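I opened this notebook to keep track of what I looked up, beginning with the aromatic rings and moving on to single residues and a sheet.

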Amino acid sequence: MLPVPDGLDGMRVDAGLAKLLGLSRTVVAELAESGEVLLDGKAVGKSERLAAGGLLEVTLPDPDRPVEVVAEPVEGMKILHDDEDIVVVSKPVGVAVHPSPGWTGPTVVGGLAAAGLRISTSGAAERQGVVHRLDAGTTGVMVVAKSEHAYTVLKRAFKERTVEKGYHAVVQGHPDPTRGTIDAPIDRHPKHDYKFAVVAGGRPSVTHYEVVEAFRAASLLDVKLETGRTHQIRVHFSALRHPCVGDLTYGADPVLARKLGLTRQWLHARTLGFAHPADGRWVQFEAEYPEDLAHALRVLRDES
């Protein structure tokens, strides 16, 4: 049992407890819905408000309970390359990379298991073979390690930034200059812990971009990531007041999103290049745009 700190007074239960306990809002919301969060002895829902001085009782999930990998086919996931060491896929929208508490949708790891592909056993049980991630709402190319050697080599390559990660993004307006670098630290948003922000003292984050096509209301950018922070591209362009089209979380125009038929940010992991872990030769893979992003581009071009 612990008192609600003054700093959490008036916050939603899910946001406040996530901040207090270091859990994700999804996990806290699940706990609340299961009756595991009590405020002054009464079960509270995730959207109720905390009151300073109130007494909290939270039954935390068992940290030793493994998150199960469910082998199920993932509609729209394409295997771009497969050999003894790696498998490269084009991840569709609405698919997480690996299982996590609170996620009930499809995963890349589960899709590979359903396809009968053996992947590396390194890493936590639910993240075996995973050397980098894409948000569930971001599509595009990613690599998964199949051999233990590949896992070790690729983890080091991502850490040492020798991997070339190329994204395409459609942002609102027209960035000036048309080619540049955004060097701005990123951390959790100070008021909304479900998103991130440019924050003094945050983790160093560097994004390089170039406008490749300009439309009346938006621009198609080629983006290269030097670092790989959560939501990095979305946060950096939102900070420049050029949010990714369709990215309502980070300030995009909902009217433009509806006109383009977008229900998520226009952001796609277009290319991925790295030294192959087997022999060091440079390999590069490319993922085509999914239909929702291609449709939005067609509409923008027709109106320009």
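**Aromatic pairs.** I looked for ring pairs in this predicted model and found three aromatic pairs, where rings of Phe, Tyr and Trp (its six-membered ring) pair if their centres lie within 6.5 Å, with planes under 30 degrees apart counted as stacked, over 60 as edge-to-face and the rest as tilted. One of them joins Tyr209 and Phe237 edge-to-face, at 5.5 Å centre to centre and with 80° between the planes. This pair links distant parts of the chain, since Tyr209 sits in strand E12 (residues 206-214) and Phe237 in helix H5 (residues 232-239), 28 residues apart; helices (H or I, at least four residues) and strands (E, at least two) are DSSP runs, numbered from the N terminus. I then checked burial, where buried means under 20% relative accessible area, exposed over 50% and partly exposed in between (1.4 Å probe, protein chains only). Tyr209 has a relative accessible area of 6%, so Tyr209 is buried, and Phe237 is buried as well, at 0%.

I noted another pair, Phe274 with Phe285, which is tilted because the ring centres are 6.0 Å apart and the planes stand at 40°. Phe274 belongs to strand E14 (residues 267-275) and Phe285 to strand E15 (residues 282-286), so this pair ties together parts that are 11 residues apart in sequence. Phe274 counts as buried at 1% relative accessibility, and Phe285 is buried at 11%.

**Before going on.** I wrote down that residues are numbered from 1 along each chain as its sequence is written, and that side-chain values use heavy atoms, with hydrogens and water left out. Because the model is predicted, local features need pLDDT of at least 70 and side-chain atom pairs count only at pLDDT 80 or more, while totals for chains, interfaces and linings use all residues.

**Phe158.** I found Phe158 in helix H4 (residues 148-159), and with 15% relative accessibility Phe158 counts as buried. Leaving aside neighbours within four places in sequence, Phe158 is in contact (heavy atoms within 4.5 Å) with residues including Val131, His132 and Leu272.

**Ser120.** Is Ser120 buried or exposed? Ser120 is in the loop between helix H3 (108-114) and strand E7 (139-145), and at 0% relative accessibility Ser120 counts as buried. The side chain of Ser120 makes a polar contact with the side chain of Glu148 at 3.2 Å; such a contact is a pair of N or O atoms within 3.5 Å, where within protein one must be able to donate a hydrogen and the other to accept it, and residues adjacent in sequence count only if both atoms are side-chain atoms.

**Helix H2 and the sheet.** I listed the buried residues of helix H2 (residues 25-33), among them Val27, Val28 and Leu31, and saw that the buried residues of H2 pack against helix H1 (13-21), strand E2 (37-39) and strand E4 (55-58). Just after H2, Gly35 takes a positive phi of about 80°.

Four strands form an open sheet in the order E1-E4-E2-E3 with antiparallel pairing, two strands being paired if DSSP finds at least two bridges between them. Strand E1 (2-3) and strand E3 (42-43) stand at the edges with a single partner strand each, so one side of each is left without a neighbour in the sheet. E2 and E4 pair over three bridges, and Val37 has Val58 in E4 as bridge partner.
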